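Here's a walk through one structure, going from its sheets to its pockets and then to a couple of helix pairs. Have the model open and follow along.

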Amino acid sequence: MLPINSVICMLFKTQRKTTLVCFSKENHSMASRPGILTDWPWKPLGSFKYVVLVPWVIHSSYSLLVKDKNERDVSTFLVFPFLLWRVLHNQIWITLSRYRTAKGNNRIVDKGIEFDQVDREKEWDDQILFNGLLYYLACYTLEGASRLPLWRTDGVIIAALLHTGPVEFLYYWLHRALHHHFLYSRYHSHHHSSIVTEPITSVIHPFAEHISYFLLFAIPKLTLVFSNKASIVAMVGYVTYIDFMNNLGHCNFEVVPKWLFDIFPPLKYFMYTPSFHSLHHTQFRTNYSLFMPLYDYIYGTMDKTSDEVHELALKRKEETPNVVHLTHLTTPESIYHLRFGFAHLASKPYTSKWYLWLMWPLTAWSMLLTWVYGRTFIVERNRFDDKLNLQTWAIPKYSVQYLLQWQKVTINKMIEDAILDADKKGIEVLSLGLMNQGEELNIYGGLYVNRHPKLNVKVVDGSSLVVATVLNSIPKGTTQVLLRGKFTKVAYAIAFTLCQQGVQVTTMHEDDYVKLKKSLINTSEITNLVNTKSCTQMVWLVGDGLTEEEQMKAPKGTLFIPYSPFPPKKHRKDCSYHCTPAMLTPKSIENVHSCEDWLPRRVMSAWRIAGIVHSLEGWSEHECGYKMNNIDKVWNSALKHGFQPLNASFKKLDHYN
């Protein structure tokens, strides 16, 4: 029995009973003594590693185009499309897994993943690249590996029998050997560093380990080649089966129905479930089988709780969070940066990537899908110190659509439906993210509260914390600032507070000055408001609408501090730009493995934090419309719960990037 301080216990709760799944700390470690051939041979190439396939792809394509019809080798040409299919197949599983585990229904393990796991698993396509090279090598060197027919029944049957027998048997004992201390510490511990698995966890192994797996899975394929019984369907189908079962076993949500085993009981010996393999990653010394639990039954290594965990996961309902953050898509390419998009892109601040333009057909299809779907969808989930369950919902609308007058009614209807849905589910707080910036759109969220005065869910636009965040980002000792950009509820509050504090607020345009002057009451406040064309201020508070021409008027060394959720374009290299209103999150917030829009790792927007703080403090009123909470009270509450200002801890961000 492991001592209590060496395990992490995760709870699976149903209405009738609770099951404990414990994780040994031993599983967390990376390879403590990396063995030979740990790194992939093309590691020095970095992002250019794909060039190793280029000669093979060009040669196979050229041969298909120039050779006579009788000499063309279609099967070799299809290797590259097959590799692309494998990438797409894996990505589908990644997206499905992240979406389903965020919803919570049928989730197996509650513990979240972090950035270190995403970084460790970012090169998941290395094994596809490696296999592709070996496929091409076999096609050009082995007789019977090229010019394959589309189908051979005997070949398919032989491949299935060889996998069920030799492959599964040998893998079982290879896997047990890899759990021996010598091999585990040098190789297999790298895979087991991921306790909470994702589909791509299945292929995260050192290079030497992948060599052993390839040799094992080559048994059916080489047998078909040497016996001249190979076919395109047999080869492609077998590898697709391996990918499918690998992804299934590591997806962290249960998808295999119990009735399948009830109808045909022997199937439980020949097909594993995600719960079955999840127990291997949590219990470590059980469930060694590849895809068929047969050999765990034979050799007594079957985890006794496998059936129970399987049933509990199937019964698990969709999770109801305490706090929901409502946001929307920004650009069409931003969908790839969502948590269920490209994991590695999502783990970095959002920036436009040139190669995403190559995916314009898929991007166009995703835009069409969001237009047709027309409902909010769950983007991610987090947990805060075991006190709150958090979710982020996204409106399937892009930033440009918020500027279109004819989209106003549709967008407001989507936001209103999301609020009513949250109220129906018993959610405590719903914070409005990027969509709360327009008075003309929804009166800063007040439109929905006015329409539904009996809402139990508290609607929070986060303005008070945003103002506090901006004010605390201004360097101490600053006596004058320039305010420029679209004037919102936040901008007026910032100007009012600064004037009260004796800080001179300067505007560039007469109409901005007039608007602010009307919002001020006391004579002492008005005297601190100035309109001038000489832009000598070293601190600029900027919102949407700041132009390049206006930025060029700023003195060298100016600090631009945005009060909008959208960062200004950086046109000045001799000036500095603060990030949008945000704070560094406490480490007690779990399952943080993606960046919120353009913010650094583990940094959360003030709009999102405001909803969390509202729930933690148990405040019973809405914060939307023209209403704002006490700025100092909200700021101190955020600090009390572990959120840190970026101006005091910005250097710490290097640790997270």
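Helix α24 (residues 606-617) lies across β3, β4 (377-384), β5 (388-395), β6 and β7, and runs at about 160° to β6. The model is a predicted one, so keep that in mind as you look around.

The strands under discussion belong to an open sheet of six, with mixed pairing and the order β7-β6-β3-β5-β4-β15. Its edges are β7 (458-460) and β15 (589-590); each has a single partner strand, so one side of each is left without a neighbour in the sheet. Further in, β3 (residues 323-328) and β6 (residues 429-432) run parallel and are joined by four bridges. Leucine 326 faces leucine 432 in β6.

Helix α24 turns up again at another sheet: it lies across β14 and β16, this time running at about 85° to β16. Here three strands form an open, antiparallel sheet in the order β16-β14-β17. The edge strands, β16 (603-605) and β17 (644-645), each pair on one side only. Between β14 (residues 582-584) and β17 there are two bridges in the antiparallel sense, and methionine 583 sits opposite proline 645 in β17.

| Largest pocket | about 2300 Å³ | Val87, Gln91, Trp124, Phe342 and Met359 |

Which elements line the largest pocket with at least two residues each? They are α1 (54-66), α3 (79-103), α5 (126-141), α14 (343-346) and α15 (360-373). Helix α3 gives the largest share of that lining, with 11 residues. The lining of the largest pocket counts 50 residues, and by class these split into 35 nonpolar, eight polar and seven charged.

Two or more of them come from each of α16 (408-425), α17 (439-442) and α23 (548-551). By class, the second largest pocket's lining has 16 nonpolar, 16 polar and six charged residues.

Finally, two helix pairs. Packed helices are described by the angle between their axes and the distance between those axes.

Take α8 (residues 207-226) and α9 (residues 232-249) to begin with: their axes come within 11 Å and cross at roughly 175°. The two helices are therefore roughly antiparallel to each other. On the α8 side, the contact involves Phe217, Pro220, Lys221, Leu224 and Val225, which meet Ala234, Met235, Tyr238, Val239 and Ile242 in α9. Sorted by class, that contact has nine nonpolar residues, no polar ones and one charged.

How do α6 and α7 cross, and within what distance do their axes come? The axes of α6 (residues 153-178) and α7 (residues 181-192) come within 9 Å and cross at roughly 105°, and that makes α6 roughly perpendicular to α7. In this pair, His175, Ala177 and Leu178 from α6 meet Leu183, Tyr184, His188 and His192 from α7. Four nonpolar and three polar residues make up the contact of α6 with α7, with no charged ones.

Methods: Residues are numbered from 1 along each chain as its sequence is written. This is a predicted model: local features need pLDDT of at least 70, side-chain atom pairs count only at pLDDT 80 or more; totals for chains, interfaces and linings use all residues. Side-chain values use heavy atoms; hydrogens and water are left out. Two strands pair if DSSP finds at least two bridges between them. Contact means heavy atoms within 4.5 Å. Axes are lines fitted to C-alpha atoms, for helices over the stretch in contact, and angles run from 0 to 180 degrees between N-to-C directions. On a 1 Å grid over the protein atoms alone, a cavity is a set of points where a 1.4 Å probe fits but cannot get out, and a pocket is an open set with protein on both sides within 12 Å along at least five of seven lines; lining residues have an atom within 4 Å of a point. Grid points are joined across faces, edges and corners, and a volume is the space filled by probe spheres set on the points. Ala, Val, Leu, Ile, Met, Phe, Trp, Tyr, Cys and Pro count as nonpolar, Asp, Glu, Lys and Arg as charged, and the others, Gly among them, as polar. Angles under 35 degrees count as roughly parallel, over 145 as roughly antiparallel, 65 to 115 as roughly perpendicular and the rest as oblique.
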